[in-house]
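These are my notebook entries on a structure that I had not examined before. I set down what I looked up, entry by entry.

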Amino acid sequence: MGRALTNRTADRINLTAAAAQVQSVLQGIEAESCPRTYNFHLHTTCSDGKLQPREVMEQAIAIGLRGLAITDHHGIRGYEAACAWLEDYQWRSGGRSPLPKLWVGTEINADLQGTEVHILAYGFQADHVAMRPYLIGRPPQGDAHLAPAVITAIQRAGGLAVLAHPARYRRSPQELILAAHRYGIDGVETYYAYGNPTPWQATPEPTQAVAALAAELNLLSSCGTDTHGRSLLSRL
């Protein structure tokens, strides 16, 4: 079941309306939520994905997604193009069919305990000064590359910070999640398909461990396919 944010986090962040919506959804995310109800991790041709932003939205509509976030690396051009396509599609269709909710997102490289990790950002103000080092199409440098700086910047911009695929790094997910929690991260990508199974399914063993730790620490749980290929229902 979903978990509420701790008072510590709620008091510290003035969430944007978009981030508040994402927070509300993540509080109810389960293993079955992805990939046919929500998807909070996917890429377009604007970073290292194979789907055009319009193709992402066409598939999202065909699948019947309720909501998704485009999380291209260090940029939001794919999200902006998808927003424009969605607005045009809504006008052309006369608003006859329900459309998925599209949230702004990005994926940022960061140094966490000497390990290169990825931090997902959701619902932030894209024009906020704090986000400038992270939306220029390449990984941040210097102090901006440190996980505490990344997390703080996302939150200063009113967004939510989530540690991506915690069992993919050279340090244990437990160690990294605890470290990220100390720096005030909001959540963790609990439901992730390691090994790219077909059909998509959150990998049981790491998922159970990560879910338990997220519950213990009152962190939000996210899910996503991390799509880089031609289908939103798989990673590659």
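**Entry 1. Cysteines**

How many disulfides does the structure hold? I looked this up first, bearing in mind that the model is predicted. I found zero disulfides.

I then turned to individual cysteines. C46 takes part in no disulfide, and the cysteine sulfur nearest to it, that of C83, lies 12 Å away. C83 is likewise in no disulfide, its nearest cysteine sulfur being that of C46 at 12 Å. A disulfide requires two cysteine sulfur atoms within 2.5 Å, so the 12 Å between the sulfurs of C46 and C83 rules out that pair. As to accessibility, C46 is partly exposed, at a relative accessible area of 23%. C83 is also partly exposed, with a value of 27%.

**Entry 2. Salt bridges within helices**

How many salt bridges does the structure hold? I noted six, and I examined several of them in turn.

I began with helix α3, which spans residues 53-63. There the side chains of R54 and E58 form a salt bridge, at 3.6 Å from N to O. I recorded R54 as partly exposed, at 40% relative accessibility. E58 is partly exposed as well, at 36%.

D88 is partly exposed, with a relative accessible area of 37%, and R92 is partly exposed at 45%.

**Entry 3. Salt bridges elsewhere**

Which residue forms a salt bridge with E55? I identified R230, the closest N and O atoms being 2.8 Å apart. This pair links distant parts of the chain, since E55 belongs to helix α3 and R230 to the segment after β7 (220-223), 175 residues apart. Is E55 buried or exposed? At 15% relative accessibility, E55 counts as buried.

I returned to D226 for its backbone. D226 is not a glycine, yet it has a positive phi of about 55°. This residue is located in the segment after β7. Is D226 buried or exposed? I found it buried, with a relative accessible area of 1%.

Q113 is another residue other than glycine with a positive phi, again about 55°. I located Q113 in the loop between β3 (101-112) and β4 (115-122). Q113 is partly exposed, at a relative accessible area of 28%.

**Entry 4. Helix α5 and the residue after it**

Which residues of helix α5 are buried? In this helix, residues 147-156, I listed A147, V150, I151, A153, I154 and Q155 as buried. Just after α5, G158 adopts a positive phi of about 80°.

**Entry 5. Helices α6 and α7**

I next looked up how helix α6 (residues 173-182) lies against helix α7 (residues 204-217). Their axes come within 10 Å and cross at roughly 25°. Angles under 35 degrees count as roughly parallel, and α6 is therefore roughly parallel to α7. The crossing is right-handed.

Which residues make the contact between α6 and α7? On α6, I recorded P173, Q174, I177, L178 and H181. On α7, the residues are A209, V210, L213 and L217.

**Entry 6. Cis peptide bonds**

The bond from C34 to P35 is cis, with omega near 10°. P35 is placed in the loop between α2 (17-26) and β1 (38-39).

A cis peptide bond also joins T198 and P199, with omega about 0°. Where is P199 found? I located P199 in the loop between β6 (187-191) and α7.

Conventions
Residues numbered from 1 in each chain as written. Predicted model: local features only at pLDDT ≥ 70, side-chain atom pairs only at ≥ 80, totals over all residues. Heavy atoms only, no water. Buried < 20%, exposed > 50% of the residue type's maximum accessible area, 1.4 Å probe, protein only. Salt bridge = Lys/Arg side-chain N within 4 Å of Asp/Glu carboxyl O. Helix = DSSP H or I, 4+ residues; strand = E, 2+ residues; numbered from the N terminus. Axes fitted to C-alpha atoms, helices over the stretch in contact; angles between N-to-C directions. Parallel < 35°, antiparallel > 145°, perpendicular 65-115°, else oblique. Left-handed = near helix turned anticlockwise from the far one by under 90°. Contact = heavy atoms within 4.5 Å.
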